[in-house]
Amino acid sequence: MSLPATHREVRLAALPDGELTPGHFEVVTAPVPTPGPGQVLVRNRLMSVAAVMRPLTLADPDALGLPQLLHKAGEVMRGAALGEVVRAPGTDLAPGTLVRHRAGWREYAVLNAPEVSPVDPEVLPDPAAHLSQGFTAWLGVVRGAGVRRGDTVFVTGAAGGVGSLAGQFARLHGAKRVIGSTGSRHKADRLTRELGYDAVVLRGAGSIEEQLRAAAPEGIDVLFDTVGGEQLRAALALARRNARFALVGALAAQLSDDALAPTAISTLALIARSITLRGISAVDHQDAMPAYLSEFGRALREGALTYPYTRLTGIDQAPGALCELVAGRHLGAVLVEL
């Protein structure tokens, strides 16, 4: 296979100070990288854009303890991608093998062989589903909160790439009532009409706690939280005894000017009602991947679950897509075909 001399990649031009705009990025032409022994050259075909990729400005970058979330000006952006192996000297990967990795935002990428994961095209009915945030959703529901039959579940950020799947997984695991939160009436209607939510709390339409109380008058058993802030506090106010909270994101802080902004909660309430709070990260639960893929694939094939996403074409679409996603203009995942 002959290779072009150059390819395109998206670099962070400047860290945002306030609203994120396409001007914070630049699409540049660069030489196609050359793999060394034990490395893999991948031609990226599809990449994910997620709100968690928003570049962060931190006074103390080391305080976050999550270097994979941090970008520096001048660097190529990073994110999940699917691609085909082009060359892989000194490895067992054959050209043409479909792989998943985290060096998206570029048309070609060189990675060390352990950084790519071969994808079995038979496991999921739609190859794009390999770029879903379903694993995080599944982990929060199954391992983080242990959703069980009869639970009332509150999913914050329910229209996002994680939340749009979390509510559906909660239902599959026996939840009796599933309540979501989002920022627009249009997305709220789609959550109830298309994704099986029973009720929606609308951000900006009054007190979150009062809306949640109306939607769950007997309280909630589970919080699946991608947001934090006011929504976490409201969930605590409505939590029943032995409620389980799975914390998988903190977008209220990350999309603000202070990614480390704390959320004030009552520890006395946690103790008095025996509430469990658990932060959960996919990095620590890779052993669960086969079980997740089996359940996700089966549910997609049977129509018990849908994977909502928007598909755009061309790497130049990626910066605008991230800005739109951060601004709340999409439901579900956003993918860019390269």
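How far apart do the C-alpha centres of domain 1 and domain 2 lie? I found 28 Å between them.

**Ground rules.** I am working with a predicted model, where local features need pLDDT of at least 70, side-chain atom pairs count only at pLDDT 80 or more, and totals for chains, interfaces and linings use all residues. I number residues from 1 along each chain as its sequence is written, and side-chain values use heavy atoms, with hydrogens and water left out.

**Domains.** I looked up the assignment: domain 1 covers 6-127 + 308-337 and domain 2 covers 133-284. These bounds come from an automatic or database domain assignment.

**The core.** Next I turned to the largest nonpolar core, which has 46 residues. Such a core is a set of buried Ala, Val, Leu, Ile, Met, Phe, Trp, Tyr and Cys residues joined through side-chain atoms within 4.5 Å; buried means under 20% relative accessible area, exposed over 50%, partly exposed in between (1.4 Å probe, protein chains only). I noted Val147, Val155, Phe169, Leu191, Phe296 and Tyr307 as the residues with the most contacts inside this core. Helix H1 gives the largest share, five residues. Each of domain 1 and domain 2 supplies at least three residues to this core.

I then followed Leu191. Setting aside residues up to four places away in sequence, Leu191 touches Ala158, Ala159, Thr182, Gly196, Tyr197, Val200 and Leu331. Contact here means heavy atoms within 4.5 Å.

**H1 against H8.** Helices (H or I, at least four residues) and strands (E, at least two) are DSSP runs, numbered from the N terminus. I see H1 (residues 134-144) packing on H8 (residues 289-302) at about 105°, with axes 10 Å apart. That makes the two helices roughly perpendicular, the class for 65 to 115 degrees. Axes are lines fitted to C-alpha atoms, for helices over the stretch in contact, and angles run from 0 to 180 degrees between N-to-C directions. From H1, I listed Gly134, Phe135 and Trp138; they meet Met289, Ala291, Tyr292 and Glu295 of H8. By class, this contact has five nonpolar, one polar and one charged residues.

**Ser48.** Serine 48 sits in strand E3 (residues 39-49). Beyond neighbours within four places in sequence, Ser48 is in contact with Met53, Ala80, Trp105, Leu131, Val334 and Leu335.

**H5.** My last stop was helix H5 (residues 229-238), mostly covered, with seven of its ten residues buried. I wrote them down as Gly229, Gln231, Leu232, Ala234, Ala235, Leu236 and Leu238.

Terms used:
Angles under 35 degrees count as roughly parallel, over 145 as roughly antiparallel, 65 to 115 as roughly perpendicular and the rest as oblique. Ala, Val, Leu, Ile, Met, Phe, Trp, Tyr, Cys and Pro count as nonpolar, Asp, Glu, Lys and Arg as charged, and the others, Gly among them, as polar.
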